Number of protein chains: 4
Amino acid sequence: MTRSRVVNAKKAKAPATPPAKRPRGRPRSEAAREAILGATLALLRTAGYDALTIEGVAERAEVGKKTIYRHWASKEALIADAVKQIVSEIEIPDTGTTKGDLLALMRDAVRVYRDPENATLMPGLVAAMARSERIAEIVRSGFLAERRRAITVLLDRAVARGDLQSTLDRELALDVLGGPLFYRLLITGRAIDDRLARGVVDLMLHGFAPHSN
Amino acid sequence: MTRSRVVNAKKAKAPATPPAKRPRGRPRSEAAREAILGATLALLRTAGYDALTIEGVAERAEVGKKTIYRHWASKEALIADAVKQIVSEIEIPDTGTTKGDLLALMRDAVRVYRDPENATLMPGLVAAMARSERIAEIVRSGFLAERRRAITVLLDRAVARGDLQSTLDRELALDVLGGPLFYRLLITGRAIDDRLARGVVDLMLHGFAPHSN
Amino acid sequence: MTRSRVVNAKKAKAPATPPAKRPRGRPRSEAAREAILGATLALLRTAGYDALTIEGVAERAEVGKKTIYRHWASKEALIADAVKQIVSEIEIPDTGTTKGDLLALMRDAVRVYRDPENATLMPGLVAAMARSERIAEIVRSGFLAERRRAITVLLDRAVARGDLQSTLDRELALDVLGGPLFYRLLITGRAIDDRLARGVVDLMLHGFAPHSN
Amino acid sequence: MTRSRVVNAKKAKAPATPPAKRPRGRPRSEAAREAILGATLALLRTAGYDALTIEGVAERAEVGKKTIYRHWASKEALIADAVKQIVSEIEIPDTGTTKGDLLALMRDAVRVYRDPENATLMPGLVAAMARSERIAEIVRSGFLAERRRAITVLLDRAVARGDLQSTLDRELALDVLGGPLFYRLLITGRAIDDRLARGVVDLMLHGFAPHSN
DNA sequence: TCCTAAGCGAGACGGTACGTCCAGTCTTCGT
DNA sequence: ACGAAGACTGGACGTACCGTCTCGCTTAGGA
């Protein structure tokens, strides 16, 4: 089954040091970095974007403010980086049919954005995007790029199968698959559910079906 | 031609309480109220949501801070009220054809959200929605309700004409018409143009065409 | 026995201007005036000079702020007027001996400034004098002038009796009788008691005794 | 000649706590402290007590308001500390005669309190004392304690010489030397001059002369 | 008897300062 | 040679009063 997993963006970076190794004279920079990102995410989720203060992060992470600013240039950069931590790594579905593939993809997205934890995070994230092109770019390349890539593969496959028009406007297709979901999430506040997933997929298949019907 | 007009939301001030409602003391200044709302909007448009400070509003409106807090309980409430001032009143297009009607509607929306003045305002507004359910509600009932109404009329007309399915999911149709536009505006940052309008309308007409086509 | 009494300074309200001075409109309310003065004194005594706000007076007196400013030009003027209300009217003692007279006078003063009610009032009053020459003048002519007069009479009598030098520096004698008391009250904070009264009187009698003693 | 000098009250910073008292983090800036005290004194002298605002001090000292509140708990505490800066360090006169000594001391006091700069400061200071026991205490221990010490020495010397009674009430003597001066400064507003100094000293010498005259 | 001017309680007005909170920077000490 | 702790400047926050300005309502004298 198709799965998006919330993964820790931590790179392999040091799987070592389980056997009681006290870093006497050496910095524990990576530990601080992770504590800060963790505290940032935790506060974003519990208190919301507005209540997120650098001082709060520093206190929760048991870290000096300067250490935060040593790693990130601004509050925005920190948030941007923290958000990267919850990138959805999208597995490209392969169910054998175009409809099955698209439905799997949409259902996965529905699942992600229904998760209360992400639902709490998203509005703040959008606020951050609204005020920082930098964060916007990070979200786009982090949150969305994977999804774009997956959709593109699916669309190519669908066109190859003759299920969709060869002249398909990829950009529009992306917006139609993603737009309604975010529209509900951010603007209308209506339910994000399976009915939405099915509706969008059906619309795609019918609306972008090859002309020579 | 279809037009959205910025209208003043000032209303008849509640005719609902006839029984003896005379507050004592000097009445609140409508002039101050308007100056504050005007300053708020001006600053929202020029400087953005983050740069909007109560002190800035007070200075620009030549008003004491206390007066602002006397009229509105919070910054959010002020912004919410200011936003009410720029409700779009949507005229329902009637071109004779379903495609013409939908295209007129979408093109109007494209025009509105391409307007640099609104483009500057919108991200801040979304940020405000993200952090205040109150503002979100106002935006939904103000900005969007008119649009919903217009779309509903058009869809009914299209179904009556036999251009769309009678079983059409209205909610989905609304999201498909609006979602891609906001998705580009808030998330992907891609161009909002006539191509988008045409693409969405064509998709609707093909994808929601009656089954026995 | 010698007595200082707190008297109401209310006077006959100037019968001096009979020639055609009748202001039009509603006359100013004497009740309001008295309520304001009463509230002012009460607040001065309980809360102190700093906690005395015009708004507080208005609330306590159940009066509009404008009414206060209609009667007095400033906060200082109000306080000045309120202070007039508690003028000490000093009775000149006549015990038959200079020592008895001076002692009676000093003991009366000691009694007055030990009274907790006056003790609460005085520091604020001094604060008011410190910042308003107007109030200072009122205090001087109200609180102190009576006392000066009494002392002058006693000194004259003492000189006539031959108990004090005929070349006595009256001004200095006044300061010596009053200074130590206020010095303790305002600066050193030490006890104002009978020992002080006796000490000062003895000092006077010995220090200002006729030279050919 | 006897001199009072304005000295910096900076002290050895409490040698009383030897057991390991090193606070973590950046230590408080002595430069900021001094800038704040300097600005406070300057404003006290030029603008007066009432015109002294924390914001004004912060601006003049080029310091954040928070820094002021970090160093002093209140406006009063700040003023109290600022006043300490102009402590008069009294040199004990030694002219060879009791009269010469006392006269030197009184003339020094007269000189200090005639100085227009101090005269401007004093009323505000008294106002501050009136409203804050804390300030009162600081003034007593700063402004006055030195003076008390000097007077005590002089009185002891005078008693030893047989110029004053051995049973002299020291407390009363202190009040008689200081009271008239402050009485004029704060209450009667009369001139503080050499005549006052001479009068008080003569009174002391005669009034407190040994009994067996 | 009505008219009209001024005073009344109430409270909003433009301002100034308050004392607090964070942002982002800088400084010290301990490990 | 870091890193925690925390002080630094700066600026907005929301509150308290200042002295002024309406409101709708007395309260009186003069028309």
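**How chains A and B meet**

Let's start with the symmetry. Chain A can be laid on chain B with an RMSD of 0.5 Å, by a turn of 179° and a shift of 0.0 Å along the axis. The two copies are thus related as by a two-fold rotation axis. The superposition is by least squares on C-alpha atoms of residues with pLDDT of at least 70 in both copies.

A word on the source. This is a predicted model: local features need pLDDT of at least 70, side-chain atom pairs count only at pLDDT 80 or more, and totals for chains, interfaces and linings use all residues. Residues are numbered from 1 along each chain as its sequence is written, chains are lettered from A and ligands numbered from 1 in the order written, and side-chain values use heavy atoms, with hydrogens and water left out.

Now the interface. 36 residues of chain A are in contact with 36 residues of chain B; contact means heavy atoms within 4.5 Å. 100% of the interface residues of chain A are also interface residues in chain B, so the copies meet through the same surface.

How much area is buried between chain A and chain B? About 3300 Å², with carbon and sulfur atoms giving 63%. In chain A, Y183(A), I187(A) and L203(A) lose the most area to chain B, together 21% of what that side buries. Buried area here is the accessible area (1.4 Å probe) that two parts lose on being put together, summed over both.

Next, the charges. Between chains A and B there are six salt bridges. The rule is a side-chain nitrogen of Lys or Arg within 4 Å of a carboxyl oxygen of Asp or Glu. In one of them, R195(A) pairs with D169(B), the closest N and O atoms being 3.0 Å apart. Another joins R184(A) to D175(B), at 2.2 Å between the closest N and O atoms. R184(A) lies in helix α8 of chain A and D175(B) in helix α8 (residues 170-188) of chain B, so this pair joins two chains. Helices are DSSP runs (H or I, at least four residues), numbered from the N terminus. Is this pair, R184(A) and D175(B), buried or exposed? Both are buried, meaning under 20% relative accessible area; exposed is over 50%, and partly exposed is in between (1.4 Å probe, protein chains only).

Finally, one salt bridge within chain A. E146(A) and R149(A) meet at 3.3 Å, N to O. They are three residues apart in helix α7 of chain A, about one helical turn. E146(A) is partly exposed at 23% relative accessible area, and R149(A) is partly exposed at 39%.
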